[in-house]
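Subject: Two-chain model, handover and findings

Hi,

Here is the structure we talked about. Please open it alongside this note; my findings follow below.

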Amino acid sequence: MFTSLLSISLGAILINNFIFAQFLGICPFLGVSSKMDTAFGMGIAVTFVMGLSSAICWVINEYILMNLGLAYMQTLAFILVIAVLVQLVEMFLKKSVPSLYTALGIYLPLITTNCAVLGVVLLNVQEDYNFIESVVYGITGGLGFLVAIALFASVRDRLQFADYPKAFEGFAISLVSAGLLALAFMGFSGMQIW
Amino acid sequence: MKIGQQFREGIITNNPILVQRIGMCATMAITTTLFNGLGMGISVLIILTCCNVVVSAMRKAIPNDIRLAIFVVVIAGFVTIVDLLIQAFVPALSASLGVFIPLIVVNCIIIGRAEAFCQYEPVGASFFDGIFQGMGYTLVLFTMCVVREFLGKGAFGGGLLDISTGALKLTFDGTGGGIQLFPAEYGASLLTRPFGGFLTLGCLLAFMQHMMNKSDEKKARKALAARVEVKEGAE
């Protein structure tokens, strides 16, 4: 039990990182990574939503959709659950951490359309994870996102002083440097855990 | 709005990926073979067109406060339909795209067009918008597939074209090896890995930006020349 959870966690954080190996959640990754503290806040918010939606969607899938033979409604049901959850997180942050709320801006409601969140829920179903495995995969997947976005925010800090062709300005150079980070993460890809 | 202008917007001047820069996750993830790329592009084109038409037809009935929720439900409905159709008729595509087909639900292109275009425009214009934006998206996917496959594996049309029997044949079961233009072991196989996705899209964006800068400069120079001419004429 413990080893399988450990292998899921390490897999989600390092080997199959959501950003660098599976390309899930690229939009907020590129959009909110220009400052370290907003990037960190976004990572925490995404981790929280991913963990919570993994748990709730697992219960809904197992006890409602599967029981009623409505497996084809999965995508629709999951996206609605995620939308409601994000709305709740937004209300909570607005009340208790208003500074983070304003810093995240448009990207907060956009967590709904973050493919990492829907992706982790769908992958849970695909991999047939049980409840605890799903929650662990959700949280560690979020942590992987946090690691990626925090690393990338510090890379982008340095980019301001870098000298690159004019055509690469803005998004293009961000993508290329993200690619270099992905190259570094490829070093983990051969790792096998039990 | 004229159809010709919409066409130009979808393909170049307002291309969903190169100019609007949305919906990039799937673009980088699945462009490893032409089969995947075209499959994804055409699925998005169909879903986008259907959603555009439905959203546009309902635009007067949708309350403003809950419009995003309604858009998402409409999109999820069409994505489920297309997902089931692909599972039934092209199972190989469903196997190789995996989770990225249901993830079209959260592809920003579709919700972005609903929000920016279809909730104001009539059905006809929305229909063509869906087709042209979908074509622009498919074109970018196609380019990325061709580049990554050629430089990474020395092949063209993997999964879609099959020449193993001697004659060129289209296959839809994902088994075709494609046309081998140079031996696979000489390719930079790194380009078929995630790194290649980031790098190829980055270079494509830079190329696009370069061309846009150039045409802007040209326009500025022309405007300047015109102004000088007018001045000289006045004198």
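Which side chain does B:Asp129 join in a polar contact, and at what distance? The partner is B:Asn52, and the contact is 3.4 Å. Before the rest, one caveat: this is a predicted model. Every value below is computed from it.

B:Asp129 sits in helix 7 of chain B, which covers residues 123-153. Its relative accessible area is 4%. The cut-off for buried is under 20%, so B:Asp129 counts as buried. Setting aside neighbours within four places in sequence, B:Asp129 is in contact with B:Gln6, B:Asn52, B:Arg113, B:Phe117 and B:Gly134. B:Arg113 supplies a salt bridge, with N and O 2.9 Å apart. B:Arg113 belongs to helix 6 of chain B and B:Asp129 to helix 7, so this pair ties together parts 16 residues apart in sequence. B:Arg113 is buried too, at 6% relative accessibility.

**Salt bridges**

How many salt bridges are there over all chains? The count is two. Another joins B:Arg67 and B:Glu115, with the closest N and O atoms 2.8 Å apart. Here B:Arg67 lies in helix 4 (residues 67-89) and B:Glu115 in helix 6 (residues 108-118) of chain B, so the bridge ties together parts 48 residues apart in sequence. B:Glu115 is partly exposed, at 24% relative accessibility.

**Chain B overall**

Chain B has eight helices and four strands. In sequence order the pattern is α-α-α-α-α-α-α-β-β-β-β-α. The C-alpha trace spans about 75 × 50 × 30 Å along its principal axes. Chain B has 235 residues, and 47% of them count as buried. Take the contacts in chain B between residues at least 6 apart in sequence: 74% of these join residues at least 24 apart.

**The interface**

How much area do chain A and chain B bury between them? About 3,100 Å², with 82% of it on carbon and sulfur atoms. In residue terms, 38 residues of chain A are in contact with 35 residues of chain B. Zero salt bridges are found across this interface. Polar contacts between the two chains come to two residue pairs, both at pLDDT 80 or more.

On chain A, four helices each supply at least two residues of the side that touches chain B: helix 2 (26-31), helix 4 (74-96), helix 6 (115-127) and helix 8 (171-185). Helix 8 gives the largest share, nine residues. By type, the chain A side divides into 27 nonpolar, nine polar and two charged residues.

B:Pro102 is buried, with a relative accessible area of 10%. Which residues is B:Pro102 in contact with, leaving aside neighbours within four places in sequence? From chain A come A:Thr75, A:Leu118 and A:Leu122; from chain B come B:Val79 and B:Asp83. B:Val79 is 23 residues from B:Pro102 in sequence, yet their C-alpha atoms are 6.4 Å apart.

**Two helices of chain A**

Why is helix 8 of chain A described as largely enclosed by the rest of the structure? Because 11 of its 15 residues are buried. Among them are A:Ile173, A:Leu175, A:Val176, A:Leu181 and A:Phe185. The buried set also includes A:Ser174, A:Ser177 and A:Gly179. The length of helix 8 agrees with expectation: its 15 residues should span 21 Å at 1.5 Å a residue, and the end C-alpha atoms are 21 Å apart.

Helix 7 of chain A (residues 131-159) has 29 residues. Its first and last C-alpha atoms are 42 Å apart, close to the 42 Å expected. At the start of this helix, a side-chain oxygen of A:Asn130 comes within 3.2 Å of the backbone nitrogen of A:Ile132.

Best regards

Technical notes. Residues numbered from 1 in each chain as written. Chains lettered and ligands numbered in written order. Predicted model: local features only at pLDDT ≥ 70, side-chain atom pairs only at ≥ 80, totals over all residues. Heavy atoms only, no water. Expected span 1.5 Å × (residues − 1). Polar contact = N/O pair within 3.5 Å; in protein donor to acceptor, adjacent residues only side chain to side chain. Contact = heavy atoms within 4.5 Å. Buried area = accessible area lost by both parts, 1.4 Å probe. Salt bridge = Lys/Arg side-chain N within 4 Å of Asp/Glu carboxyl O. Nonpolar A, V, L, I, M, F, W, Y, C, P; charged D, E, K, R; others polar. Buried < 20%, exposed > 50% of the residue type's maximum accessible area, 1.4 Å probe, protein only.
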